[in-house]
Amino acid sequence: MALVHALWPDPNQDDVTDQTLETLYAYPDELTRPWVQVNFVTSLDGAVTVGGKSEGLSSPGDKRIFRMERVLADVILVGSTTALVERYRGARFSPAGVARRASLGLAPIPPIAVVTARASVPPDAPLLTDTEVPPIILTTEAAPAENRKALADAGADVVVVGEKDVDLPAALAELDRRGLRRIDCEGGPRLFGSLIAEDLVNQLCLTVSPFLAAGDAGRIANGPTLVEPQLMHLHAALRDGDFLMLTYRR
C-alpha cells in the first residue's frame, strides 16, 4: 500500500489509513441534491496529460486516493473523450472496497455516466462489454437516433438531456432521480469547464505531479470565461513523496 502523509488538516499523521481517507473524502451527510466532486492530476507546468493520457502523471498514492474516491461515490461521471482515450470499463473494487461500500449503505458497484452530445460511444466499447453495471449515457436530441438505439440495445441507460448540448443541470437532475447524488467526476477538461460555468462544482481533488511536461497538453478545465472566478477553500492536503494531493471545497 502506498504511503500517504497528511499535511493538512492534521500534519501529525505519518501514514494516512484508509479510514482517514474515507473521512477526508466523504460526501456530506444526508444530501438532498447532487454534490459534485471533480478529480484531476496536473504537472507542475499545468499539463493535464503526457502522451495524451493522464497515467504518466500519477503515483501510487494518487491512485490509492482515486480508488477511495470511487468507493465513496454513487456514480462516476466522465466525458466521452476521456472515457474512450483512457479506455474506461466498468468500475471494480477489492473485497475491502465492496465491504466499505456496504457499510456506507451504497450499491455494490457505481455506474459510469458518460456525457456525450452525439452518443458517440461505440456499443462494443469496454464501458458496455466489460462491466457489471450498465453505464448511463447522457446525450441530446440531436444525437443520431441510430447511435442512441445501438447503445440502448447494448444495455446502456440512454438519457436525453438537452437539444444540441448536454444540459448539465438536467443531467444531474436525472442522476438525482435515480438516487445518485454522490457524483465523482473524472474529467475531461471540457466537462470540468462546463460544470464550473454552471456553478455545479462542490469539490476539486487535484494531484500536483512533480514533473515538467511542456508540450501542447491542455489545462484541467476549459470552457466559458467566468465573470468572476469561484473561490474554493482548502479542505485537505496530502503528500506521496514529491506528489501533492490537494482538496478544495466550496
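**Close-up 1. Phe192 and the residues around it in this predicted model.** Setting aside residues up to four places away in sequence, Phe192 is in contact with Val38, Phe40, Val201, Leu204, Ile220 and Ala221.

**Close-up 2. The largest nonpolar core, built from 30 residues.** Which residues touch the most other members? They are Val38, Leu77, Leu138, Leu175, Phe192, Leu195 and Ile220. Several elements contribute: at least two residues of this core come from each of β2 (35–43), β3 (75–79), β4 (112–115), β5 (136–139), α7 (168–177), β7 (182–185), α8 and β8 (203–209). Another core, of 19 residues, lies apart from this one, and Ala91, Leu127, Leu151 and Ala156 are among its members.

**Close-up 3. The second largest pocket, with a volume of about 420 Å³.** Its lining is made of 16 residues, and here we meet Phe192 again: together with Ile196, Arg219, Ala221 and Leu226, Phe192 lies nearest the pocket centre. Helix α8 (residues 189–197) gives the most to this lining, with three residues. By type, the lining residues are ten nonpolar, five polar and one charged.

**Close-up 4. Helix α2, spanning residues 60–71.** From the first C-alpha to the last, the twelve residues of α2 reach 17 Å, close to the 16 Å expected at 1.5 Å a residue. Which residues of α2 are buried? Look for Gly61, Asp62, Arg64, Ile65, Met68, Glu69, Arg70 and Val71.

Definitions and conventions: Residues numbered from 1 in each chain as written. Predicted model: local features only at pLDDT ≥ 70, side-chain atom pairs only at ≥ 80, totals over all residues. Heavy atoms only, no water. 1 Å grid on protein atoms, 1.4 Å probe; cavity = no way out; pocket = protein on both sides within 12 Å on 5 of 7 lines; lining within 4 Å. Points joined across faces, edges and corners; volume = space filled by probe spheres on them. Helix = DSSP H or I, 4+ residues; strand = E, 2+ residues; numbered from the N terminus. Nonpolar A, V, L, I, M, F, W, Y, C, P; charged D, E, K, R; others polar. Core = buried A, V, L, I, M, F, W, Y, C linked by side-chain atoms within 4.5 Å. Buried < 20%, exposed > 50% of the residue type's maximum accessible area, 1.4 Å probe, protein only. Contact = heavy atoms within 4.5 Å. Expected span 1.5 Å × (residues − 1).
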